Amino acid sequence: MKFLIIFLLISLSVSCKKENLTKNSGLMPFDRQSYLYIPHQEDQSLLRRKLLHFRLNQILNEANTQEIEASDVFEISNNHYQMNEKEIKEYNQLRASCAELIISFKDHLEIYFVPTGIDREVALKQIAIVPDIGGAFFWKENTPEKLLKGNKYYLLSTTLSEVKNNDIYFSSNKISLGDNYQNKEFTFAPNQQVVLDFDTQYLEKQVAIATRVGSRIKCTKDVNEAGLCYECNYKIEALTGGLFNREFKVEEINLSIAIDGKVFSLLELGATIVSKTHIKVVLDLKKLATQDLVHITILNSLIKQITKDVSGFDFSDSCSWRIAKSSLDLTPVINKSLEMQIKGSVFDF
(Lines give C-alpha, C1' and ligand atoms only; values in the text may rest on other atoms or scores of the structure.)
Protein backbone atom coordinates (compact mmCIF):
# COMPACT_ATOMS: atom_id res chain seq x y z
CA MET A 1 0.00 0.00 0.00
CA LYS A 2 2.82 2.40 0.91
CA PHE A 3 4.51 1.85 -2.45
CA LEU A 4 1.19 2.39 -4.24
CA ILE A 5 0.75 5.82 -2.59
CA ILE A 6 4.31 6.84 -3.52
CA PHE A 7 3.69 5.74 -7.10
CA LEU A 8 0.48 7.78 -7.29
CA LEU A 9 2.19 10.92 -5.95
CA ILE A 10 4.98 10.56 -8.52
CA SER A 11 2.41 10.13 -11.27
CA LEU A 12 0.51 13.21 -10.12
CA SER A 13 3.65 15.31 -9.96
CA VAL A 14 4.63 14.33 -13.49
CA SER A 15 1.19 15.35 -14.77
CA CYS A 16 1.67 18.80 -13.25
CA LYS A 17 5.07 19.57 -14.77
CA LYS A 18 5.56 21.99 -17.65
CA GLU A 19 6.29 20.18 -20.87
CA ASN A 20 7.79 23.29 -22.49
CA LEU A 21 9.32 25.63 -19.91
CA THR A 22 8.66 29.24 -20.90
CA LYS A 23 8.73 31.15 -17.62
CA ASN A 24 10.89 29.40 -15.03
CA SER A 25 12.95 26.26 -15.55
CA GLY A 26 12.28 23.18 -13.42
CA LEU A 27 9.42 20.91 -12.44
CA MET A 28 6.41 21.86 -10.36
CA PRO A 29 5.89 21.96 -7.48
CA PHE A 30 8.63 19.91 -5.89
CA ASP A 31 11.57 21.98 -7.07
CA ARG A 32 9.95 24.98 -5.33
CA GLN A 33 9.73 27.15 -8.44
CA SER A 34 6.56 28.93 -9.49
CA TYR A 35 4.94 28.35 -12.85
CA LEU A 36 4.45 32.08 -13.24
CA TYR A 37 5.98 35.05 -11.39
CA ILE A 38 4.37 38.46 -11.96
CA PRO A 39 6.06 41.45 -10.24
CA HIS A 40 4.13 44.60 -9.39
CA GLN A 41 4.37 47.69 -7.23
CA GLU A 42 2.45 48.10 -3.98
CA ASP A 43 -1.30 48.68 -4.54
CA GLN A 44 -1.12 47.78 -8.24
CA SER A 45 -2.63 44.29 -8.24
CA LEU A 46 -6.41 44.16 -8.60
CA LEU A 47 -6.45 40.58 -7.28
CA ARG A 48 -4.49 41.57 -4.19
CA ARG A 49 -6.85 44.42 -3.41
CA LYS A 50 -9.77 42.00 -3.41
CA LEU A 51 -7.93 39.39 -1.32
CA LEU A 52 -7.04 42.05 1.25
CA HIS A 53 -10.69 43.09 1.35
CA PHE A 54 -11.73 39.46 1.90
CA ARG A 55 -9.29 39.26 4.79
CA LEU A 56 -10.75 42.43 6.33
CA ASN A 57 -14.25 40.98 6.14
CA GLN A 58 -13.00 37.80 7.80
CA ILE A 59 -11.64 39.87 10.69
CA LEU A 60 -14.88 41.86 10.97
CA ASN A 61 -17.08 38.77 10.51
CA GLU A 62 -18.81 40.46 7.61
CA ALA A 63 -20.03 38.91 4.37
CA ASN A 64 -17.98 39.42 1.22
CA THR A 65 -19.66 41.42 -1.52
CA GLN A 66 -16.78 41.20 -4.02
CA GLU A 67 -16.14 38.42 -6.51
CA ILE A 68 -12.81 37.42 -8.04
CA GLU A 69 -12.97 37.38 -11.81
CA ALA A 70 -10.62 35.24 -13.88
CA SER A 71 -9.07 38.37 -15.39
CA ASP A 72 -8.29 39.87 -11.94
CA VAL A 73 -5.26 37.60 -11.56
CA PHE A 74 -3.52 39.22 -14.52
CA GLU A 75 -4.70 42.81 -14.01
CA ILE A 76 -1.77 44.93 -12.81
CA SER A 77 -2.26 48.70 -12.60
CA ASN A 78 -4.88 48.65 -15.40
CA ASN A 79 -2.52 46.63 -17.62
CA HIS A 80 -3.38 43.05 -18.46
CA TYR A 81 -0.50 40.55 -18.27
CA GLN A 82 -0.30 38.82 -21.66
CA MET A 83 0.68 35.27 -22.59
CA ASN A 84 1.21 34.03 -26.12
CA GLU A 85 -0.95 31.27 -27.66
CA LYS A 86 1.49 28.49 -26.74
CA GLU A 87 1.67 29.64 -23.13
CA ILE A 88 -2.12 29.93 -22.90
CA LYS A 89 -2.53 26.37 -24.23
CA GLU A 90 -0.03 25.01 -21.72
CA TYR A 91 -1.59 27.00 -18.89
CA ASN A 92 -5.05 25.62 -19.64
CA GLN A 93 -3.70 22.05 -19.87
CA LEU A 94 -2.11 22.35 -16.44
CA ARG A 95 -5.28 23.83 -14.98
CA ALA A 96 -7.25 20.85 -16.25
CA SER A 97 -4.99 18.26 -14.61
CA CYS A 98 -3.72 20.10 -11.51
CA ALA A 99 -4.86 22.37 -8.73
CA GLU A 100 -3.89 26.00 -9.31
CA LEU A 101 -2.44 27.77 -6.29
CA ILE A 102 -2.22 31.56 -6.58
CA ILE A 103 -0.17 33.30 -3.90
CA SER A 104 -0.26 37.08 -3.52
CA PHE A 105 2.71 38.91 -2.00
CA LYS A 106 3.13 42.63 -1.43
CA ASP A 107 5.22 43.18 -4.57
CA HIS A 108 4.51 40.15 -6.75
CA LEU A 109 2.22 37.26 -7.57
CA GLU A 110 3.20 33.59 -7.89
CA ILE A 111 1.22 30.80 -9.53
CA TYR A 112 1.87 27.13 -8.74
CA PHE A 113 0.32 23.94 -10.08
CA VAL A 114 0.14 21.18 -7.49
CA PRO A 115 -1.12 17.56 -7.64
CA THR A 116 -4.85 17.16 -7.28
CA GLY A 117 -5.98 15.92 -3.89
CA ILE A 118 -2.93 17.25 -2.06
CA ASP A 119 -3.43 18.73 1.39
CA ARG A 120 -3.06 22.50 1.23
CA GLU A 121 -0.56 22.66 4.11
CA VAL A 122 1.49 19.84 2.56
CA ALA A 123 1.60 21.82 -0.69
CA LEU A 124 2.92 24.88 1.14
CA LYS A 125 5.51 22.80 2.93
CA GLN A 126 6.74 21.31 -0.35
CA ILE A 127 6.88 24.71 -2.04
CA ALA A 128 8.69 26.08 1.03
CA ILE A 129 7.62 29.69 0.64
CA VAL A 130 7.57 32.24 3.45
CA PRO A 131 5.32 35.32 3.94
CA ASP A 132 6.49 38.89 3.60
CA ILE A 133 8.55 40.23 6.51
CA GLY A 134 6.26 40.90 9.45
CA GLY A 135 3.32 39.25 7.73
CA ALA A 136 1.52 35.92 7.73
CA PHE A 137 -0.30 33.69 5.24
CA PHE A 138 -4.10 33.61 5.04
CA TRP A 139 -6.19 31.32 2.87
CA LYS A 140 -9.19 32.81 1.13
CA GLU A 141 -12.33 32.04 3.06
CA ASN A 142 -13.85 28.57 2.43
CA THR A 143 -10.66 27.11 0.96
CA PRO A 144 -10.91 23.31 1.46
CA GLU A 145 -8.20 21.22 3.09
CA LYS A 146 -7.66 19.25 -0.13
CA LEU A 147 -6.78 21.03 -3.37
CA LEU A 148 -8.43 19.57 -6.47
CA LYS A 149 -7.65 19.86 -10.18
CA GLY A 150 -9.53 22.41 -12.24
CA ASN A 151 -9.90 24.77 -9.28
CA LYS A 152 -8.14 27.95 -8.23
CA TYR A 153 -7.06 28.55 -4.65
CA TYR A 154 -5.84 31.83 -3.20
CA LEU A 155 -3.28 32.46 -0.49
CA LEU A 156 -2.47 35.94 0.80
CA SER A 157 0.69 37.18 2.49
CA THR A 158 -0.10 40.34 4.45
CA THR A 159 -0.08 42.35 7.67
CA LEU A 160 -2.92 43.94 9.66
CA SER A 161 -1.64 47.37 8.68
CA GLU A 162 -1.87 46.57 4.99
CA VAL A 163 -5.38 45.16 5.42
CA LYS A 164 -6.48 48.45 6.98
CA ASN A 165 -4.75 50.58 4.34
CA ASN A 166 -6.43 48.65 1.53
CA ASP A 167 -9.91 49.73 2.66
CA ILE A 168 -9.49 53.01 0.76
CA TYR A 169 -10.46 51.05 -2.38
CA PHE A 170 -13.74 49.80 -0.91
CA SER A 171 -15.04 52.41 1.54
CA SER A 172 -15.73 56.02 0.63
CA ASN A 173 -17.76 58.89 2.02
CA LYS A 174 -18.23 62.38 0.56
CA ILE A 175 -19.00 65.47 2.60
CA SER A 176 -19.95 68.82 1.04
CA LEU A 177 -18.67 71.57 3.33
CA GLY A 178 -19.16 74.60 1.11
CA ASP A 179 -17.14 77.45 2.59
CA ASN A 180 -17.66 76.15 6.14
CA TYR A 181 -14.25 74.52 6.51
CA GLN A 182 -11.86 77.28 7.42
CA ASN A 183 -9.69 76.77 10.47
CA LYS A 184 -11.68 73.70 11.60
CA GLU A 185 -9.79 70.64 12.79
CA PHE A 186 -10.63 67.27 11.23
CA THR A 187 -9.39 63.97 12.67
CA PHE A 188 -8.64 60.81 10.69
CA ALA A 189 -6.95 57.44 11.08
CA PRO A 190 -3.55 56.92 9.37
CA ASN A 191 -4.97 54.19 7.12
CA GLN A 192 -7.43 56.61 5.52
CA GLN A 193 -7.02 58.76 2.45
CA VAL A 194 -8.58 62.20 2.15
CA VAL A 195 -9.32 63.85 -1.18
CA LEU A 196 -9.99 67.60 -1.03
CA ASP A 197 -11.78 69.15 -3.99
CA PHE A 198 -11.91 72.94 -3.92
CA ASP A 199 -14.34 74.45 -6.42
CA THR A 200 -12.53 77.74 -6.89
CA GLN A 201 -13.44 81.11 -8.35
CA TYR A 202 -10.56 83.47 -9.05
CA LEU A 203 -12.14 86.85 -9.74
CA GLU A 204 -10.16 89.83 -10.97
CA LYS A 205 -11.39 93.40 -10.63
CA GLN A 206 -12.33 95.04 -13.89
CA VAL A 207 -10.47 98.18 -14.92
CA ALA A 208 -11.49 100.64 -17.64
CA ILE A 209 -10.50 104.08 -18.88
CA ALA A 210 -12.68 106.69 -17.18
CA THR A 211 -13.12 110.40 -17.85
CA ARG A 212 -12.73 112.62 -14.84
CA VAL A 213 -13.40 116.31 -14.17
CA GLY A 214 -10.57 118.29 -12.59
CA SER A 215 -9.98 121.80 -11.43
CA ARG A 216 -9.87 124.27 -14.28
CA ILE A 217 -7.80 127.39 -14.63
CA LYS A 218 -9.23 130.68 -13.37
CA CYS A 219 -11.63 132.19 -15.87
CA THR A 220 -10.12 135.65 -16.39
CA LYS A 221 -10.98 137.97 -19.28
CA ASP A 222 -7.91 136.81 -21.20
CA VAL A 223 -8.69 133.15 -20.60
CA ASN A 224 -12.28 133.65 -21.66
CA GLU A 225 -11.18 135.45 -24.83
CA ALA A 226 -8.78 132.58 -25.52
CA GLY A 227 -11.69 130.15 -25.41
CA LEU A 228 -10.29 128.17 -22.49
CA CYS A 229 -12.98 128.87 -19.96
CA TYR A 230 -14.59 125.39 -19.83
CA GLU A 231 -14.43 122.31 -17.63
CA CYS A 232 -11.18 120.47 -17.10
CA ASN A 233 -11.41 116.86 -18.35
CA TYR A 234 -8.84 114.10 -18.35
CA LYS A 235 -8.65 110.31 -18.59
CA ILE A 236 -7.39 107.80 -16.07
CA GLU A 237 -7.63 104.04 -15.34
CA ALA A 238 -10.33 103.26 -12.73
CA LEU A 239 -12.19 100.32 -11.20
CA THR A 240 -15.61 99.67 -12.72
CA GLY A 241 -16.90 97.60 -9.79
CA GLY A 242 -17.17 94.55 -12.02
CA LEU A 243 -15.42 91.20 -11.60
CA PHE A 244 -14.42 88.57 -14.16
CA ASN A 245 -13.22 84.97 -13.90
CA ARG A 246 -9.60 84.24 -14.69
CA GLU A 247 -7.68 80.97 -14.92
CA PHE A 248 -5.29 80.59 -12.02
CA LYS A 249 -2.23 78.71 -10.84
CA VAL A 250 -2.14 76.62 -7.66
CA GLU A 251 0.39 78.95 -6.06
CA GLU A 252 -1.99 81.91 -6.47
CA ILE A 253 -4.59 80.39 -4.15
CA ASN A 254 -4.50 81.42 -0.49
CA LEU A 255 -4.65 77.94 1.03
CA SER A 256 -2.36 75.85 3.19
CA ILE A 257 -2.98 72.69 5.22
CA ALA A 258 -1.73 71.91 8.71
CA ILE A 259 -1.13 68.20 9.35
CA ASP A 260 -0.34 67.34 12.96
CA GLY A 261 0.81 70.92 13.47
CA LYS A 262 3.09 71.11 10.44
CA VAL A 263 1.94 73.50 7.73
CA PHE A 264 2.19 72.50 4.07
CA SER A 265 1.53 74.55 0.96
CA LEU A 266 -0.73 73.17 -1.75
CA LEU A 267 2.28 72.66 -4.01
CA GLU A 268 4.10 70.67 -1.31
CA LEU A 269 1.10 68.35 -1.11
CA GLY A 270 0.99 67.83 -4.87
CA ALA A 271 -2.22 69.76 -5.52
CA THR A 272 -3.35 69.85 -9.14
CA ILE A 273 -5.91 71.80 -11.15
CA VAL A 274 -8.20 69.11 -12.56
CA SER A 275 -10.46 71.48 -14.47
CA LYS A 276 -10.68 75.22 -14.98
CA THR A 277 -12.16 75.72 -11.51
CA HIS A 278 -11.26 72.67 -9.38
CA ILE A 279 -8.16 72.16 -7.25
CA LYS A 280 -7.65 68.56 -6.08
CA VAL A 281 -5.43 67.54 -3.16
CA VAL A 282 -4.95 63.86 -2.27
CA LEU A 283 -3.72 63.28 1.29
CA ASP A 284 -2.28 59.78 1.69
CA LEU A 285 -2.29 59.79 5.47
CA LYS A 286 -0.17 56.69 5.98
CA LYS A 287 2.70 58.68 4.47
CA LEU A 288 1.95 61.82 6.48
CA ALA A 289 0.90 60.48 9.88
CA THR A 290 3.14 61.03 12.89
CA GLN A 291 0.82 59.47 15.50
CA ASP A 292 -2.21 57.21 15.95
CA LEU A 293 -4.63 59.92 14.86
CA VAL A 294 -4.04 62.51 12.16
CA HIS A 295 -5.22 66.07 12.83
CA ILE A 296 -5.82 68.24 9.76
CA THR A 297 -6.72 71.93 9.60
CA ILE A 298 -7.31 73.80 6.35
CA LEU A 299 -5.95 77.32 6.64
CA ASN A 300 -7.12 80.29 4.62
CA SER A 301 -4.37 82.90 4.63
CA LEU A 302 -4.91 86.54 3.72
CA ILE A 303 -4.88 87.23 0.03
CA LYS A 304 -1.77 89.15 -0.95
CA GLN A 305 -2.77 92.70 -1.77
CA ILE A 306 -2.15 93.87 -5.31
CA THR A 307 -2.09 97.59 -6.05
CA LYS A 308 -1.39 99.65 -9.14
CA ASP A 309 -0.46 103.33 -9.26
CA VAL A 310 -2.06 105.17 -12.18
CA SER A 311 -1.78 108.68 -13.59
CA GLY A 312 -4.13 110.84 -15.60
CA PHE A 313 -3.60 111.60 -19.29
CA ASP A 314 -5.24 113.48 -22.17
CA PHE A 315 -5.79 116.58 -20.03
CA SER A 316 -7.82 119.35 -21.67
CA ASP A 317 -6.20 122.80 -22.02
CA SER A 318 -8.49 124.21 -19.35
CA CYS A 319 -6.96 122.10 -16.56
CA SER A 320 -5.05 124.17 -14.01
CA TRP A 321 -2.78 121.26 -12.98
CA ARG A 322 -1.96 118.45 -15.36
CA ILE A 323 -1.32 115.99 -12.60
CA ALA A 324 -3.77 113.35 -11.33
CA LYS A 325 -2.64 110.24 -9.51
CA SER A 326 -4.49 107.33 -7.93
CA SER A 327 -3.84 103.88 -6.49
CA LEU A 328 -6.04 100.98 -7.56
CA ASP A 329 -6.66 97.99 -5.29
CA LEU A 330 -6.53 95.07 -7.71
CA THR A 331 -6.52 92.36 -5.01
CA PRO A 332 -8.54 89.46 -6.47
CA VAL A 333 -11.61 87.93 -4.88
CA ILE A 334 -11.07 84.18 -4.36
CA ASN A 335 -14.10 82.06 -3.47
CA LYS A 336 -13.65 78.39 -2.54
CA SER A 337 -16.19 75.66 -1.86
CA LEU A 338 -14.91 72.33 -0.47
CA GLU A 339 -16.05 68.78 -1.06
CA MET A 340 -14.17 66.25 1.07
CA GLN A 341 -13.98 62.59 0.13
CA ILE A 342 -12.88 60.25 2.92
CA LYS A 343 -11.61 56.87 1.74
CA GLY A 344 -11.19 54.00 4.18
CA SER A 345 -12.72 53.30 7.59
CA VAL A 346 -11.60 53.72 11.18
CA PHE A 347 -10.86 50.37 12.84
CA ASP A 348 -10.36 49.38 16.45
CA PHE A 349 -8.11 46.39 15.86
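Which residues form one aromatic cluster? Select Y35, F74, Y81, Y91 and F113, which together make up that cluster. This is a predicted model, in which local features need pLDDT of at least 70 and side-chain atom pairs count only at pLDDT 80 or more, while totals for chains, interfaces and linings use all residues. Residues are numbered from 1 along each chain as its sequence is written, and side-chain values use heavy atoms, with hydrogens and water left out.

**The aromatic cluster**

The whole structure holds 10 aromatic pairs, a pair being rings of Phe, Tyr and Trp (its six-membered ring) with centres within 6.5 Å, called stacked if the planes are under 30 degrees apart, edge-to-face if over 60 and tilted for the rest. Start with F74 and Y81, a stacked pair because the ring centres are 6.2 Å apart and the planes meet at 20 degrees. F74 is buried at 8% relative accessibility, whereas Y81 is partly exposed at 25% (buried means under 20% relative accessible area, exposed over 50%, partly exposed in between, with a 1.4 Å probe and protein chains only).

Y91 and F113 are both buried.

**Helix α2**

Now select residues 46–60, helix α2. Its buried residues, including L51, F54 and R55, pack against β4 (99–104), β5, β7 (136–139), β9 (152–158) and α5 (160–165), where contact means heavy atoms within 4.5 Å. At the start of α2, a side-chain oxygen of S45 comes to within 3.5 Å of the backbone nitrogen of L47, and just after the helix N61 has a positive phi of about 55 degrees.

**The disulfides**

Finally, display the cysteines: 2 disulfides are counted, each a pair of cysteine sulfur atoms within 2.5 Å. C232 and C319 have their sulfur atoms 1.9 Å apart, and with 95 degrees about the S-S bond their link is right-handed. C232 lies in strand β13 and C319 in the loop between β19 (307–311) and β20 (325–329), so the pair ties together parts 87 residues apart in sequence. C232 is buried at 1% relative accessibility, and C319 is buried at 4%.

Definitions and conventions: Helices (H or I, at least four residues) and strands (E, at least two) are DSSP runs, numbered from the N terminus. The expected span of a helix is 1.5 Å times one less than its number of residues. A polar contact is a pair of N or O atoms within 3.5 Å; within protein, one must be able to donate a hydrogen and the other to accept it, and residues adjacent in sequence count only if both atoms are side-chain atoms.
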